[in-house]
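Dear colleague,

Please find below the structure that I promised to hand over. My notes on what was found in it follow directly after.

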Amino acid sequence: MTHTLPALPYGIDALEPYISSQTLTFHHGKHHSAYVDKLNELVKGSDLNNKSLEEILVFTFNKPSDVVLFNNAAQVWNHSFYWKCMNPKTKGKPNPDGTLAKKINEDFGSFESFLDQFKQAGMTQFGSGWAWLVLDNGKLKVTKTSNADLPLVHGQQALLTMDVWEHAYYLDYQNRRAEYINVYLDKLVDWDFVEANYLAALGN
Ligand code: MN3
């Protein structure tokens, strides 16, 4: 099967002024697109050619001979998920509500405590990587992963992610990662999407 670059779920300038159309043009149109192309090139003619993205990830994880394949497949998954974690229409609704809000209070003590942990994960990821809110054995946790690594191969279900590779924010924030993280949490997270992921994960 051929893996395809998903269209952004909003317009190229929809996240401005927080994330510019220039960033999205490069991040989606060049970086994400290149991971998709590389993945297709690597699976072509191999046993993994007819496997789903998730099957490829599980199969190649921790296999030294498949590091390049894993990294590209994981970056395809991570970016497709990351775009959906943001929604400009949710501006003004910076907090979760309902079932997810209750669970966040249970597992983190408060929404503020969750925010602190998530910011900390994003700030302390040395070099390139991702910060996550995951469901792990019925409990919400904040985690971070290096490079392309992702919760799926660690038995966790991803509910929210934030790309902290420099290409995600450098054109807009240069080296000010903390500013990007604050804007991400204050203005961009689509909590309806996160809650839908939580409810789906409970059903699994
Ligand atoms: Mn990226």
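Where is the place of N147 in this structure? Please keep in mind while looking for the residue that the model is predicted. N147 has its place in the loop between strand 2 (139-146) and strand 3. Its backbone deserves a look, as phi of N147 is near 50 degrees, a positive value in a residue other than glycine. N147 is partly exposed, with a relative accessible area of 42%.

A second residue may be read alongside. Q174 is not a glycine, yet it has a positive phi of about 50 degrees. Q174 sits in the loop between helix 6 and helix 7 (177-188). With a relative accessibility of 31%, Q174 counts as partly exposed, because the partly exposed class lies between the 20% limit for buried and the 50% limit for exposed.

One more point concerns the backbone. The peptide bond that joins E16 and P17 is cis, with omega at about 5 degrees. P17 belongs to the segment before helix 1.

The metal site

I turn next to the manganese ion. Four residues coordinate the manganese ion: H27 through NE2, H79 through NE2, D163 through OD and H167 through NE2, at 1.9 to 2.1 Å. Along the chain, these donors follow the spacing H-x51-H-x83-D-x3-H. Distant parts of the chain are linked by the pair H27 and H167, which are 140 residues apart. H27 is in helix 1 (residues 21-43), whereas H167 is in the loop between strand 3 (157-163) and helix 6 (170-173).

Are these two histidines buried or exposed? H27 is buried, with a relative accessible area of 1%. H167 is also buried, at a relative accessible area of 17%; the value is under 20%, and therefore the residue falls in the buried class.

Helix 1 and helix 3

Two packed helices are described by the angle between their axes and the distance between the axes. The axes of helix 1 and helix 3 (residues 67-85) come within 9 Å and cross at roughly 140 degrees. Helix 1 and helix 3 are therefore oblique to each other, because an angle has to be over 145 degrees to count as roughly antiparallel. Their crossing is left-handed.

Which residues meet in this contact? On the side of helix 1 they are L24, H27, H28, H32, Y35, V36, K38, L39, L42 and V43. On the side of helix 3 they are V68, L69, N72, A73, Q75, V76, H79, S80, Y82 and W83. By type, the residues of this contact divide into 12 nonpolar, seven polar and one charged.

N72 lies in helix 3 and counts as buried, at 11% relative accessibility. Leaving aside residues up to four places away in sequence, N72 touches Y35, K38, L39 and L42.

K30 gives a contrast within helix 1. K30 is found in helix 1 and is exposed, with a relative accessible area of 53%. K30 and K51 are 21 residues apart in sequence, and their C-alpha atoms are 24 Å apart in space.

Helix 2 and helix 3

Helix 3 also takes part in a contact with helix 2 (residues 53-60). The axes of helix 2 and helix 3 come within 9 Å and cross at roughly 140 degrees. That makes helix 2 oblique to helix 3, and the crossing of the two is left-handed. L53, E54, I56, L57 and T60 in helix 2 meet L69, F70, A73, A74, V76 and W77 in helix 3. The residues of this contact divide into nine nonpolar, one polar and one charged.

Not counting residues up to four places away in sequence, L53 touches H3, L39, A73, V76 and W77. L53 and L5 are 48 residues apart along the chain, and 12 Å separates their C-alpha atoms.

With kind regards

Definitions and conventions. Residues are numbered from 1 along each chain as its sequence is written. This is a predicted model: local features need pLDDT of at least 70, side-chain atom pairs count only at pLDDT 80 or more; totals for chains, interfaces and linings use all residues. Side-chain values use heavy atoms; hydrogens and water are left out. Donors are N, O and S atoms within 2.8 Å of the metal (3.2 Å for Na, K and Ca); water is not among the atoms, so sites may look incomplete. Helices (H or I, at least four residues) and strands (E, at least two) are DSSP runs, numbered from the N terminus. Buried means under 20% relative accessible area, exposed over 50%, partly exposed in between (1.4 Å probe, protein chains only). Axes are lines fitted to C-alpha atoms, for helices over the stretch in contact, and angles run from 0 to 180 degrees between N-to-C directions. Angles under 35 degrees count as roughly parallel, over 145 as roughly antiparallel, 65 to 115 as roughly perpendicular and the rest as oblique. A crossing is left-handed if the near helix is turned anticlockwise from the far one by less than a right angle, and right-handed if clockwise. Contact means heavy atoms within 4.5 Å. Ala, Val, Leu, Ile, Met, Phe, Trp, Tyr, Cys and Pro count as nonpolar, Asp, Glu, Lys and Arg as charged, and the others, Gly among them, as polar.
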